[in-house]
Amino acid sequence: MNTRNAGRKRNLAVVDKNKPDQAVHKNNLLKQNNKQEPFPVEPPRHLNKDARSLWKSLAPELIKMGLVTKSDQTNFEMFCTQYQEYREAYAAIKKHGTIYKDSNGNLRKNPAVNVLDTCTKNIRSLGMVLGIDFNSRSQLTDTKSEDNNIDIDEAMKAFGG
């Protein structure tokens, strides 16, 4: 155990060039991923339209990177579902605003604002777990190899950007 970082969770996203054991560990993880059941390209049928669309656009990119397997399916499904809920909350805010008047004429915060905030936090957290965010992706992939790079423009299109 590394006594300097005792008690901390192991972060596979951080690979220090001065610590070759971390690179070996990352490479071993990638080899183990190749032995596991592959990640499904097709989304589960129960996902809604936006969640399915996100799955179809990001899953092939994650598979190319070699960082996801069938065991990551639940996290990715939650990621896509949170994105769906995010879109629904955003639409409700767009339609009704962030503040509304209740039946007594008092100003109230639209509950969709809280949903949007929660979804944003969950998307960010699950994105880091899956290597979807820039920092995780750049640290987990071999930046010298063109095969592991995600087309940022395509990924942003999935988020409406």
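Buried, here, means under 20% relative accessible area. Keep that cut-off in mind. This is a predicted model.

Let's start with Val68. Val68 sits in the loop between H2 and H3. Is Val68 buried or exposed? Its relative accessibility is 9%, so Val68 counts as buried. Pro38 is 30 residues away along the chain, yet the two C-alpha atoms are 7.8 Å apart in space.

Next, the core. The largest nonpolar core holds 17 residues. Trp55, Phe76, Phe79, Cys80 and Ile132 have the most contacts inside it. Which elements give two or more residues to this core? They are helix H2, residues 49-65, helix H3, residues 73-96, and helix H4, residues 111-130. H2 supplies the largest share, six residues.

Leaving out residues up to four places away in sequence, Trp55 touches Phe39, Pro40, Val41, Glu42, Pro43, Pro44 and Leu47, among others. The list also includes Pro60, Gln73, Phe76, Glu77 and Cys80.

Now the charges. Side chains of opposite charge can pair when their charged atoms come close. How many salt bridges are there? The count comes to four. I'll walk through some of them.

Take Lys64 and Glu61. Their side chains meet in a salt bridge, 3.4 Å from N to O. Both are in helix H2, three residues apart, so about one helical turn separates them. Lys64 has a relative accessible area of 52%, so it is exposed. Glu61 is at 14%, so it counts as buried.

Then Lys121 and Asp117. This salt bridge spans 3.2 Å, N to O. The pair lies in helix H4, four residues apart, about one turn of the helix. Lys121 is partly exposed, because its relative accessible area is 48%. Asp117 is partly exposed as well, at 38%.

One more: Arg108 with Asp102. The closest N and O atoms of this salt bridge are 3.0 Å apart. At 41% relative accessibility, Arg108 counts as partly exposed.

To recap: Val68 is buried in a loop, H2 gives the largest share of the main core, and the salt bridges number four.

Note on methods. Residues numbered from 1 in each chain as written. Predicted model: local features only at pLDDT ≥ 70, side-chain atom pairs only at ≥ 80, totals over all residues. Heavy atoms only, no water. Core = buried A, V, L, I, M, F, W, Y, C linked by side-chain atoms within 4.5 Å. Buried < 20%, exposed > 50% of the residue type's maximum accessible area, 1.4 Å probe, protein only. Contact = heavy atoms within 4.5 Å.
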